[in-house]
Amino acid sequence: MDRNSNAYTFIFAIITVVIIAAGLAFTATSLKPLQAENVRKEKMQNIISTIGVDANRDESAELFKKYIKKQLVLKADGTTDDAVEAFTLDLKKELHKPYDQQRFPVYLAEKDGKKYYIIPLFGSGLWDDIWGYIALDSDKNTIVGASFDHKGETPGLGAEINQSWFEDEFKGKKIFNDNGDFVSVKAVKGGAKPDDIHGVDAISGGTLTCNGLTQMLEERLKNYVPYLKKN
Amino acid sequence: MAEEKEDLFSKKNISLLTDPLNDDNPITVQVLGICSALAITVQLKPAIVMALAVMFVLIFSNVIVSLLRNLIPSRIRIIVQLLIVASLVIIVDQVLKAYAYDVSKELSVFVGLIITNCIIMGRLEAFALGNGPWKAFLDAVGNSAGYAIILVIIAFFRELLGSGKLLGYEVLGHKGRTLAESTGVYHYGYENNGFMLLAPMALITVGVIIWVQRSKNTKLIEE
C-alpha cells in the first residue's frame, strides 16, 4: 500500500491510536488500586507525623489505628455531624460549598496519655494546591507538630514547605493570643522575631508559596474556633 | 543488508554512544533540552531522577520509532512520535506513582514535562527515523547520558553554591542564626549565593560549561 496515500495515513493513525489507548487504559486501571493505597497510607503517615510518630508508609495504617482514637466531622457552628466520615472527606470539594454546608474534619489523637487535636488544612500555593495537618496540644492552642505538602510548588524554593526544617518551626507556636482571640500563625518574609509566638520564618525564594500557606492556616483554622473554644 | 551484518560494537556504533558525551553533546553542542536544564537543576537529586526518566523515555521511544520507521506515514510522523513519547511518559508516571511513590512526588510536574524535552523529539526526527533499532538504542543511551552529565554538573554547582548542600546534606557546614552558632565555612562569614537558585544562573553555568568544553575541545570551535 502506498505510504503516502490518505487511506494508509488514516488506517495507520486509527490503529496506532487504538493500540496506544488500550495500552494506557490497561496500565492505568491495573495500577489504580496500588496508587490509591499509596495515597491513603501517605495521608495516615502525614496525620500521625504531626504528633511525632515517625512511621514508614507500610506501617502507617497500623499506627494510625493505634494513635487516632476518634475522627469527628464538624459543622460550621462547632457541633459534630455523624453522617459524614472524616477520613474520606474531600477538603477541596468542601471549600466550594456554601459556608454553612461545609464540613470540617478533626482527628482526636492520644499518645502517652496526652490528647491532641489534628486539623487537616487545604489551600493554594503559587502553582497548585497545598495541604497539610496541624496538631494542637491538649490546651487547643499550642502547635505540637505540622506537616505540609504540595502538588507542584517550585523544587528547592516553595516545595521546601514539606521539609522537616520548615515544619519544625511551627512547634510551640500558638494560634490564639493571650486574650483568647484567634490570630493564626504566619510565615514572615525576612524571618520572624525570635520571641514571636505567632510567626515562623518564611522560605527565601518561596514567598508566594509561604503567603498561600499563611492564608491557608488562617482560613482553615478559623473554622475550628467555635469547636476549640467550646470544649 | 550490509547494515545488518555490521558488528554490534563496531567503531561507528561505539561512536554513537560516546559522541554525545562530548563532541556532540545534546545540551552544550546541539543546544537541545536547555529548558529542563534550567528548571530542575536547583538540587542534585531531582536532576538525577529526571535524567534517569529521560533516559528511559528516550531509549524506548527511539527504539519504537526506529522499528516503525518504514511504516509511519511521513505526513503524520510528528504526531505519531508525540503520541509514542506521550504514552511512554504517562506509563512512567503511572508506574512511579504505584511502585516508587516517593520518587514520583519528588519529580511532580517534571515527569509530564519530559514530553516537551526537545532532545527526545530531536533524536526521533534526526536519528530514529533513518536508522535501525540497535543503532537507535545506542544513540538514545549516548544522548541521554550526555544530557545526564550536564544536568548533574549544573545541579552540583547550583546546589553547592546556592544552598551549601549536596543531595540534601550540609557539606559546607550548618548555618545558624549567628556566626557563633554556625559551623563549617559559615562560621567564617560565608554566605550562600541565593542567585544560584534562580534560573539565570543555570544559563550562565551552561555557558561556563560550554566555554570550558570548547577551550579543551578545539574541534568544536567554528571558524
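In the predicted model, A:Ser124 has A:Asp129 of strand S4 of chain A as its bridge partner. This bridge belongs to the pairing of strand S3 (residues 114–124) of chain A with S4(A), in which the two strands run antiparallel and are joined by eight bridges. Four residues lie between S3(A) and S4(A), and the two strands form a hairpin.

S4(A) also pairs with strand S5 (residues 143–150) of chain A, again in the antiparallel sense, over seven bridges.

Strand S4 (residues 129–136) of chain A is largely enclosed by the rest of the structure, because seven of its eight residues are buried. A residue is counted as buried here if 20 or more other C-beta atoms lie within 10 Å of its own. In a regular strand, side chains alternate between the two faces of the sheet.

The contact between the two chains involves 23 residues from chain A and 23 residues from chain B. On the side of chain B that touches chain A, helix H5 (residues 77–99) of chain B gives the most, with nine residues. By class, this side of chain B consists of 15 nonpolar, six polar and two charged residues.

Definitions and conventions: Residues are numbered from 1 along each chain as its sequence is written. Chains are lettered from A and ligands numbered from 1 in the order in which they are written. This is a predicted model: local features need pLDDT of at least 70, side-chain atom pairs count only at pLDDT 80 or more; totals for chains, interfaces and linings use all residues. Two residues are in contact if their C-beta atoms, placed from the backbone, lie within 7 Å. Ala, Val, Leu, Ile, Met, Phe, Trp, Tyr, Cys and Pro count as nonpolar, Asp, Glu, Lys and Arg as charged, and the others, Gly among them, as polar. A residue is buried if 20 or more other C-beta atoms lie within 10 Å of its own, exposed if 12 or fewer, and partly exposed in between; C-beta atoms are placed from the backbone. Two strands pair if DSSP finds at least two bridges between them.
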